[in-house]
Amino acid sequence: MKEFEIAKKIGKELTEGELREAAAKALGVRPEKVGHVEVVRRSVDARTDILYRYRVQAFREGEPYEPFKLQEFRDVHGAKPVIIIGAGPAGLFAAVKLLQLGLKPVILERGKDVHRRKADMARLSVEGVIDPDSNYCYGEGGAGAFSDGKLFTRSSKRGDIREVLHGLVAFGADPDILVDAHPHLGTDRLPAIVENIRLCVEEHGGEYHFDSRVTDIRQADGGFEVLAGGEVYRAAKVILASGHSARDIYELFQSRGWALQAKGFAMGVRVEHPQWLINQIRYHGKYQPFMPTAEYSFVQQVDGRGVFSFCMCPGGILVPSSTEDGAVVLNGMSNSARNSKWANAGVVVQIEPEDVPGDGPFHLMDFQQAVERKMFEWVSANGGRHPLQAPAQRMKDFCRGIVSRDLPKTSYHPGALSSPLHELLPEHVALRLRRAFPQVDRQMHGYYTNDALLLGVESRTSSPIRLPRDPETLEHIDVPGLYPCGEGAGYAGGIVSSALDGINCAVQCAQTI
Ligand SMILES: Cc1cc2nc3c(=O)[nH]c(=O)nc-3n(C[C@H](O)[C@H](O)[C@H](O)COP(=O)(O)OP(=O)(O)OC[C@H]3O[C@@H](n4cnc5c(N)ncnc54)[C@H](O)[C@@H]3O)c2cc1C
């Protein structure tokens, strides 16, 4: 097998003939002696001409080629049950893996199925009423269901990413995600994928229980009794995949005396630029409508802490992603076409436990909540016309410490209110952001502009609490048989790494049940 690269201008199709010819050249054989040829990666190169770079694997005729194969699903009616708390990416991929391993997943989810959930989110944006069990973070599909659905992860140590990507394709995702360097699904495609996972799990004998918020987990008879929605569920093992916002679950751990620790996270703002501007910057003025909507990412060090872009949504919109009333939290999402007029990204500052006064496992979560509430209270006290309106400031005004006289249009449906965000954010966050934005302009000329709007607060970047677990067995250090899993456990961040963690927990579970 030979791996090689081939480049083609974006907008011009790479034909089968060109691929085989390039493969023959790379292998040093005649075209008819070329066997299997496969594009394994496609990335955009905008350094000079705007190109797609394809990484290709070529096999000689007769040379063995093994395609990646997912394990078969088994019928698990009557098999041993494993309780999964939470139907986000971690819980869903744990469920799929359990099916493959012959165990019966019993999913307990506080929210609704992905379709009923949509209506609650529409109400949330229009009326500002947050259902504590059904919102942008809670419900079938978890925080990943109504998102940009970006699928890249920096961590390949957690497992084979192909298992997640091929799994998603099996459940209806576009096969392009298998080769794109920065794959994404889009919020318009995610609900159908999430539903197909459910249909598969149920068809093979697994169970879903919606409107089933877990309120207690008890150790009993060498296994567990889990109380949810007024019912008691029993199993020898529990995979806990309740996400980074489930304060009630952390409080349950505290009350049981099970270990939990404060964990560093990141906080900042959502930044919204006109997408045309980001396209011009990233494509050096050569953007054409048939090109992929431009993305960006950056990392800076300011005063000993990382300041970085997070979860960038090209052609996306801003959404209210708080899980409780009285708090303003923003996040971003986009549809598969990424065709809105805006580009948004979190720009956040790394926060370590020692950066915030206080101690104990909840001290960073309390800090996070206090800032989210401060945003809400400021808007309510200053004539906000929607409960979830966000305090906002133009970028240069923020850096200069001036309240903006007016604001540019925003995609954020509840609206923005001109505010002294530079004062509302914690000082150590605001000061670093104010220094970072002009620095980013050196890499992306035009980024530092008053046409960019900053909205607060972006605070749910990862869990501010960790549920410590054994590095080998992945069980909680105080509770054998309980597997803290995904983002809420503090061991993953993002859709793919959470899904991989779900797979890993399911595998560990199956080894000792
Ligand atoms: C708007 C938005 C956009 C995002 N965009 C991206 C993106 O493009 N790419 C990316 O990689 N990541 C993105 N993320 C982050 C990503 O969604 C999360 O990292 C990922 O979903 C974490 O997976 P998880 O399964 O660990 O937890 P979650 O997805 O948070 O799922 C946890 C589930 O547990 C349930 N639950 C909580 N408490 C209980 C309880 N007591 N009883 C029963 N059930 C409970 C919740 O309802 C939820 O369904 C985005 C997040 C948001 C909010």
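Is Arg469 buried or exposed, and what is its relative accessibility?

Modeller: Arg469 counts as buried, at 10% relative accessibility. Keep in mind that this is a predicted model.

Start with the partner of Arg469. Arg469 forms a salt bridge with Asp501, and their closest N and O atoms are 2.8 Å apart. The pair links distant parts of the chain. Asp501 sits in helix 12, residues 495-512. Arg469 sits in the loop between strand 21 (465-466) and strand 22 (482-484). The two residues are 32 residues apart. Asp501 is buried too, with a relative accessible area of 4%. The cut-off for buried is under 20%, so both Asp501, at 4%, and Arg469, at 10%, fall below the limit.

Now set that pair beside other salt bridges. The whole structure has 38 of them. One joins the side chains of Glu5 and Arg53, at 3.8 Å from N to O. Glu5 lies in strand 1 (residues 2-9) and Arg53 in strand 3 (residues 51-60), so this pair ties together parts that are 48 residues apart in sequence. Arg53 is partly exposed, with a relative accessible area of 26%.

Another salt bridge joins Asp406 and Arg394, at 3.1 Å from N to O. This pair also links distant parts of the chain, twelve residues apart. Asp406 is in the loop between helix 9 (395-400) and strand 19 (416-418). Arg394 belongs to strand 18, residues 390-394. Here the two partners fall into separate classes. Arg394 counts as buried at 14% relative accessibility, whereas Asp406 counts as partly exposed at 47%.

Salt bridges can also join up. Asp216, Arg218, Glu225, Arg234 and Arg256 are linked in a network of them.

Next, the nonpolar side. In soluble globular proteins, nonpolar side chains tend to be buried together. The largest nonpolar core in this model has 124 residues. Ile239, Val271, Leu433, Phe437 and Tyr447 touch the most other members. Take Tyr447. Leaving aside neighbours within four places in sequence, Tyr447 has contacts that include Val271, Ile278, Tyr296, Phe298 and Phe437. His273 and Asp441 are also among the residues that Tyr447 contacts. A second, separate core has 28 residues, including Leu108, Cys137, Phe224 and Leu482.

Back to your residue, then. Arg469 is buried, and its salt-bridge partner is Asp501, in helix 12.

Key:
Residues are numbered from 1 along each chain as its sequence is written. This is a predicted model: local features need pLDDT of at least 70, side-chain atom pairs count only at pLDDT 80 or more; totals for chains, interfaces and linings use all residues. Side-chain values use heavy atoms; hydrogens and water are left out. A salt bridge is a side-chain nitrogen of Lys or Arg within 4 Å of a carboxyl oxygen of Asp or Glu. Helices (H or I, at least four residues) and strands (E, at least two) are DSSP runs, numbered from the N terminus. Buried means under 20% relative accessible area, exposed over 50%, partly exposed in between (1.4 Å probe, protein chains only). A nonpolar core is a set of buried Ala, Val, Leu, Ile, Met, Phe, Trp, Tyr and Cys residues joined through side-chain atoms within 4.5 Å. Contact means heavy atoms within 4.5 Å.
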